[in-house]
Amino acid sequence: MPAQHPLGMLAVDDLVAPEDRDLQLAVRHFVDEHVRPEIAQWYDAGHVPARELTRELGRLGVLGMHLHGHGCAGASATAYGLACLALEAGDSGIRSLVSVQGSLAMFAIHAHGSEEQKDRWLPRMAQGEAIGCFGLTEPDAGSDPAAMRTHARRDGDDWVLSGTKMWITNGTVADVAVVWARTDEGIRGFVVPTDTPGFTATEVPRKLSLRASVTAELVLDGVRLPADAVLPGPRGLSGPLSCLSEARFGIVFGSVGAARDCLETALEYAATRRVFDRPLAGFQATQLKLADMTVELGTAMLLALHLGRLKDGGRITPEQVSIGKLNNVREALGIARECRTILGAAGITGDYPVMRHANNLESVLTYEGTSEVHQLVIGTSLTGIPAFR
Ligand SMILES: Cc1cc2nc3c(=O)[nH]c(=O)nc-3n(C[C@H](O)[C@H](O)[C@H](O)COP(=O)(O)OP(=O)(O)OC[C@H]3O[C@@H](n4cnc5c(N)ncnc54)[C@H](O)[C@@H]3O)c2cc1C
């Protein structure tokens, strides 16, 4: 019998518009050409050529691709999600670069910035000529961003920012940082060129996950900014939370990509690896694993496409994004770990992508809201009782 692709079995491609399928193929081709040949080595070295890669991703047209105007492609949310899927099949670190650039830094400026801020940054960021980062988390304020200590005070017309941001993707390579800080008027966002005196970024050492991604600590030591550096958009946490919802949406799709890559690898391995004189794929115990993973991958993909439709129709809610992020990352991590068992000892090496994906997904499980935080968001919605505190 001819072997079927796990996603082909559910004919999910039938649910994707032809132009979106073409785009996904173009991104897949990009990943095959620019990421796959290098990724194991970048991961080993804990170093990714972020600037060069960002320019290439800009040429591909995926940076801020779901935003309209100011040099952005204006694609649908579903198309953006499918691009995230194809990128994360290469590595979660590459998708993280694109998510932080497009859904966090660019989205913040696009949704909450002035026309001057948009004109200054968005076209260059869409082209990959300028890199952005997004500073919300602090050493003592992760799941609870309201506990942030970074503050901005007025000094004449200027703003002066002080504080520390932690775990910031793209931090050391960024040209611009969107930094959230406490002010007399509530939490506000600031557009900070990273060459401003008092701004320093240091890479977080000894990461065992997302090694092909830059993660940094940002220190703002009396960073003086002109009056027009503040995002004129909303005061309070609704500003940063709106950006997080965008990035979480990309993860709903992206995690499916990592899981798909693991399952494809395990299927291929099981077909050729012989144990007890037969291909590993021919044993019932292996097929049970493969079948369960195919069910989870398919349902994760259908959930992602459903959320894509809702978002394109302007009807998506944060709780729905939480359901998608919670389920798809959790299932992707489960698939990665199960695929690792199929590869046996070979699965623990960098010769195969599976353990790299599993390690990456540990970060994906934590950032953009931990699983527990998403469970609490869903729980609040179900009961009407916020149980965060
Ligand atoms: C690789 C990487 C990249 C990142 N990139 C960025 C970035 O670009 N910008 C940015 O701002 N941040 C970024 N982050 C930070 C990320 O968003 C935070 O790590 C995340 O929000 C969790 O915060 P924390 O690590 O401080 O964990 P904590 O908030 O300390 O949580 C620790 C544990 O407690 C649980 N917990 C917390 N509150 C509750 C509760 N009320 N009830 C039950 N359990 C609870 C959590 O679920 C978790 O299991 C990144 C993180 C990583 C790992």
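## Terms and model

Buried means under 20% relative accessible area, exposed means over 50%, and partly exposed lies in between, with a 1.4 Å probe and protein chains only. The model is predicted, and local features need pLDDT of at least 70, side-chain atom pairs count only at pLDDT 80 or more, and totals for chains, interfaces and linings use all residues. Residues are numbered from 1 along each chain as its sequence is written, and side-chain values use heavy atoms, with hydrogens and water left out.

## The chain as a whole

The chain has 10 helices and 11 strands, which are DSSP runs numbered from the N terminus (helices H or I, at least four residues; strands E, at least two). Its radius of gyration is 21 Å, close to the 21 Å of the globule rule for 389 residues, so the chain is as compact as a globular protein of that length. That radius is taken over C-alpha atoms, and the rule is 2.2 Å times the number of residues to the power 0.38.

Of the 389 residues, 53% are buried.

Leu15 sits in the segment before α1 (18-45). Leu15 counts as partly exposed because its relative accessibility is 38%.

## Arg260

Arg260 belongs to helix α6 (residues 238-272). With 4% relative accessibility, Arg260 counts as buried. Apart from neighbours within four places in sequence, Arg260 has contacts (heavy atoms within 4.5 Å) with His5, Leu7, Gln24, Arg28, Leu85, Ala89 and Leu297.
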